[in-house]
Amino acid sequence: MTTAAATTDTTNPVVRRLQDIWRSRPSLKLRRDRFAMVCLVVISLYMLIALMVALGIIGGDFADRVGTNYQSPGGESWKLWLGTDRQGRSIIVRMLYSTKVAFNVGFVSALIGSVVGSLLGAIAGYFGKTTDTVVVWLYSTIQSIPNLLLLIALSYAVSRWLDRGLIVVYVAFGATFWVGPCRVVRGEVLKLRESDYVQAARAMGYSHARILLLHVLPNTLHLVLVYFALLFVAAIKSEVILSYLGLGVQGEPSWGVMINQSRAELINGYYWQIGAATVAMLGLVLCFNVFADALQDALDPKSL
Amino acid sequence: MWAFILRRLLGGIPIILGVTLITFLLLNVVGGDPALQMAGKNATEEDLAALRAEYGLDKPLVSQYVDYLKQTVTFDFGKSYKTKEPVVDILKQRVGPSISLTLPALIATTLLAIAIGLIAAAFRQRALDRGLMALAVTGMSISFLVYIVVGQYLLAFQLRAFQIHGYASGWGERWQYLSLPIIVLIVVGLGYDTRFYRSVLVEEIGRDHVTTAVAKGAGPTRVLTRHVLRNALIPIVTRVMISLPFLVTGSLLLESFFGIPGLGAQLLEAIESADFPVIRALTLLISVLFVLTTILNDVLYAVVDPRVRLE
Amino acid sequence: MRSWSLLVWVALALLCVNGCKSPPKWEQGKRYFHFSARAKVGTFDPVRNSSTYDNLAQAQVYETLFEYEYLVRPFELKPLLLAKMPEVSEDSLHYKFELKHGVLFQDDPCFPEDKGKRPAGVGREVVAQDVIWSLMRMADRANSPTGWWLYRDRIKGFDAFKERMDKRASNAPFEWNTKIEGLKVSGRYSFEIQLTRPYPQLLNVLAMGTTAVVPRECAEHYGDQFAAHPVGTGAFKLDEWVRGSFLKFSKNPKYREEFYPTKASPELEQRGLLAAAGKRIPFLDGVVIHVFEQDQPMWLKFRVGDLDATQTPAEYTELVFNTDKSMRATFVQEGVGYYHLPLLDFIYRGFNMEDPVFGGMQPGATKAQTERARKVRQAISLALDTRELNHAFYNDNNVLYDGPIPPGLAGHKREGSPYRGPNLERAKQLLIEAGYPEGKGLPVLTLDTNRGGNSDEQGEMVTRQLAKIGVKMEVRQSSFPELQDKMRRKKSQFFGLAWGADYPDAENFLQLFYGPNKTPGSNKFNYDNPKYNELFEKARVLPPSPERDALYAELRDIIIEDCVAIGSMARTRDYVWNKRVHNFNPSEVWDNWFKYLDVDPL
């Protein structure tokens, strides 16, 4: 997997590693997978929408009335294309705005989870001994508590002290999500520790921090990447459950909030809110799943 | 062998201790004051103080933790804040319905997923495989809540194929209430399991002995059942085993939508009313089961696969 | 393959369910009434009763001294366990009660044998001592009673007794035999209550479920399990309680001779409710209360006929009713009956008066600060549009009103408050007067609501409404315990809550603003206005009279002027019932009326 690293002038090892990845066979393989590429395009579209929301170009008016209550889809303004909710607010605007929230929740929690996880994993694997025992104990403990229970207990506890909507979600997800990447990175680092170039770096007297950050961690990046995609999906899906319990996003719409708010409307024939949120979520989660699969496939040494 | 088991069991102790510590920290230290919930409206400060004293909540945190550890060791989890009943009694009452829901679902999901995974693996990289996998991923990408709401509305109400809500204690009667929730659970889990078993089976199919068997002229059914499935047994058993502890909790959402009096619904109730003893006991129960099944799994693994040494 | 045939079997087994949907054996040919509870039932111990649904379940098994006339509105008290209405002394401080003779507790293993009279397990007769003991249970902390505030500072010697019991060592027994001056047994069936000051609501309190009469030996026999083993005198007994799913009651075979009422208000008589007049009750073989956490399954279960009666969830009222609130034709054809029950309900958004900006009544506040904060509250009240809330979330089903007294009670004011919104011009003007033009300089207001239902969406709407005058607001959802905690720490600024009547008297609502009831009491507003307190103390000892009603109105107007709680609404519960149900006349003030119902047998 570590194809010739010396071909580039860049001294920044992370950049170098990323370039390696781009030029590597897995990357070529991934880029040839048309289905995965379509999914990547779809993800980029979602990201574009999220970006536009973040910049205030669309979606800022998610709380405004645009029509009568429960207007069915269709209408002159584009804001009425997907109808309105019980307060006459535009479903399409809320759906678009939720894209940003989904990326917020997905990105931040996945980032916290994979950064914390891989750092802890690398430290544990690299130093071994007591450090390793402690980290392994910590993740075994977290792992044996049912995920949802821990999430709920955490968001309860956090929401008492940090009254700030999304932060609660980040902390709760971050604190449970690090386990996966930690285990995998630890396993990989255990192998890497014995590799020639780490031994060489050690012999040259580099500091542990330098070896870890510049030589060990970059070589686990591919694994972390796959986990990042998986955690992203998990965060978006778990948010629905947290929102159902009233512990999720507050004060702004999210797909989870939309599904939760429309959970009793089906009987009235108001399918558009639950439908819009479900389809929007389906698109993103589906593409992320497919992409993560393709990524894993491409990185699988056996398939090279 | 016995030394191995014993060592693994001892290794489980710190984990259980960790679980107690985390649940204690989350609930007792940062979780708020349960006396307020218990006291009802127009309570005075003295009422609150009396309640705290009754449940030992006025003691220093360290001795509260020690009490909790004592409870853990003796499997006496104290009284529910909400109903004052012993927590053990509550768990006993509620565990049956949950398992009635989750165990059949696990069995059916596993069987179905292996069957579909086998088909997909047999036709790997062809249209049928891709179609099935696309379906699996799509199934995984829809929210649990949507399955419940839509399933209840369409299948139970519009088609009148199932009971909408409720439960019966009798073994014969309860299935009519459980069947729809079980189906929802199967549909939700099928995507994940199918993908997993497919990849396991694809790997097995690629092995040399399978190729040899095919070369010797064994029929496809024989190859798949004798050579592929048998060797895939270890990952299958492992996956089933690690999901066993979580059968106890049932399903939070399903139980509250379908009125099934299981531990999931109980947990939701406990969360809403800050009934900490119930939450703690349940967390601990599952963690212990989890640690035990992991150990059991390792032992089983060692027995099946002689390459694993029992050092 | 083996697994295939197994799959086929599983599929067949699941589909067979379709055909297995006939009524269960125990119900065939029987009259069981299926009703819904929209939240869980927590306890069967009357003194620990803390919710509408606890009440509903308990009222099937337990009985109180008084109940209300089933078919008379406005509410009229009538004796239930008592033989007649009590004799009251001239100074309204002394009450003499006389129990009915021959009222029996239901059979239960907790009753020991009474040599030569009663074998073990057979319910004994209710006597005056039972009433006193049941009231005394309220003073025992070990029972975690929720209703002590109903007696606090009212019955002679009772407070001193409770204080002594509270201070007793944790292993010391409860002193059942203490003679309390104000609670006296004066004969096998007669007892007396001596008050410290007039308590015009006393008889209403004695109709509340929490004051039901229980057998002491059973409470002691079951201990903590008493909450799951009710032993009462009611028309039904508890057969099965599957927590979180359903409760099944069957007819109490030993229920005394009681009859369907012969007296009715004209409008109720017109609804044909007197058809069963004078017949022996109960008519039902039993009651099943199904517990729902969600609206969808509750409604669907009613629509397929598995529930005989239910409340219409707000979302679905438009499916059932036309805009004029009459029932839609399809439902009329099916023979569905309905009743729009106005609840004695005070839904509000209230301020913590000790908040320096929005309350201005914190300790040490200057008069100017108080004035300024009042103007801010008045502005917020004027920006609040309860009509829009009512339309979006309650299908225009709520009654909007001013002040804290709901419709149906003396002192109620339907409209005319100068601070009823929306009037954005005046609101903006008041903000200028308060020194916050366009809301500039005002900190962000935090609204605390209870998690669940559509409180998040309601909060979003209020946020949007206040934004129109420049007041910024954030919504925080919490669980009920968290909310209580915030209130107790006086951390909440602005909160959305509701108060349901414990008894049909405005005093129950006005006490929410009485200074001495401040946190942790029922006065969550921490409102403490000497003038209000003085008037309230005067009003609460008066019997129903024009003089008292005038005081109630004066108290109400103080709250309206100060905008302590704004946006008052009372819900209307739309009860619906299927064709097989008869005599259905719902009430949520008391729950003892299932004994009057009848259904066609299955």
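Reply: Start with one pair: C:V399 stands opposite C:A570 in strand 20 of chain C. This is a predicted model, in which local features need pLDDT of at least 70, side-chain atom pairs count only at pLDDT 80 or more, and totals for chains, interfaces and linings use all residues. Residues are numbered from 1 along each chain as its sequence is written, while chains are lettered from A and ligands numbered from 1 in the order in which they are written.

Me: What makes strand 16 and strand 20 of chain C a pair?

Reply: Two strands pair if DSSP finds at least two bridges between them. Strand 16 of chain C is joined to strand 20 (residues 565–570) of chain C by two bridges. So the pair meets the cut-off. The two strands run antiparallel. Strands are DSSP runs of E with at least two residues, helices are runs of H or I with at least four, and both are numbered from the N terminus.

Me: Which sheet holds these strands, and in what order?

Reply: An open sheet of six strands in chain C, ordered 16-20-15-19-17-18. The pairing is mixed.

Me: Why are strand 16 and strand 18 of chain C said to stand at the edges?

Reply: Strand 16 and strand 18 (473–478) of chain C each have a single partner strand, so one side of each is left without a neighbour in the sheet.

Me: How do you know which strands helix 14 of chain C is touching?

Reply: By contact: two residues are in contact if their C-beta atoms, placed from the backbone, lie within 7 Å. Helix 14 (residues 455–467) of chain C packs on the sheet and touches strand 17 (445–450), strand 18 and strand 19 of chain C. Its direction makes about 165° with that of strand 18 of chain C. Such angles run from 0 to 180 degrees between N-to-C directions, with axes fitted as lines to C-alpha atoms, for helices over the stretch in contact. Helix 15 of chain C lies across strand 17 and strand 18 of chain C, at about 135° to strand 17 of chain C.

Me: Why is C:D396 called partly exposed?

Reply: Count the neighbours. A residue is buried if 20 or more other C-beta atoms, placed from the backbone, lie within 10 Å of its own, exposed if 12 or fewer, and partly exposed in between. C:D396 has 15. That count lies between the cut-offs, so C:D396 is partly exposed. C:D396 is found in the loop between helix 12 (386–394) and strand 16 of chain C.

Me: What makes the phi of C:D396 worth a remark?

Reply: Its phi is positive, about 60°, although C:D396 is not a glycine. Most residues other than glycine have a negative phi, and most peptide bonds are trans. C:K490 also has a positive phi, near 55°, and is a residue other than glycine. C:K490 is found in the loop between helix 15 and strand 19 (494–500) of chain C. With 18 C-beta neighbours inside 10 Å, C:K490 counts as partly exposed.

Me: Which peptide bonds are cis?

Reply: One is the bond from C:R73 to C:P74, with omega near -5°. C:P74 lies in the loop between strand 2 (66–68) and strand 3 (77–79) of chain C. Another is the bond from C:G421 to C:P422, with omega near 0°. C:P422 lies in the loop between strand 16 (399–400) and helix 13 (424–434) of chain C.

Me: Why is chain C called as compact as a globular protein of its length?

Reply: Chain C has 18 helices and 23 strands. Its radius of gyration is 26 Å, close to the 25 Å that the globule rule gives for 602 residues, so chain C is as compact as a globular protein of that length. The radius is taken over C-alpha atoms, and the rule is 2.2 Å times the number of residues to the power 0.38. Buried residues make up 48% of the 602 residues in chain C.

Me: How many residues of chain C are in contact with chain A?

Reply: 22 residues of chain C, in contact with 15 residues of chain A. Helix 14 of chain C gives the largest share of that side of chain C, five residues. The side divides into seven nonpolar, four polar and eleven charged residues. Here Ala, Val, Leu, Ile, Met, Phe, Trp, Tyr, Cys and Pro count as nonpolar, Asp, Glu, Lys and Arg as charged, and the others, Gly among them, as polar.
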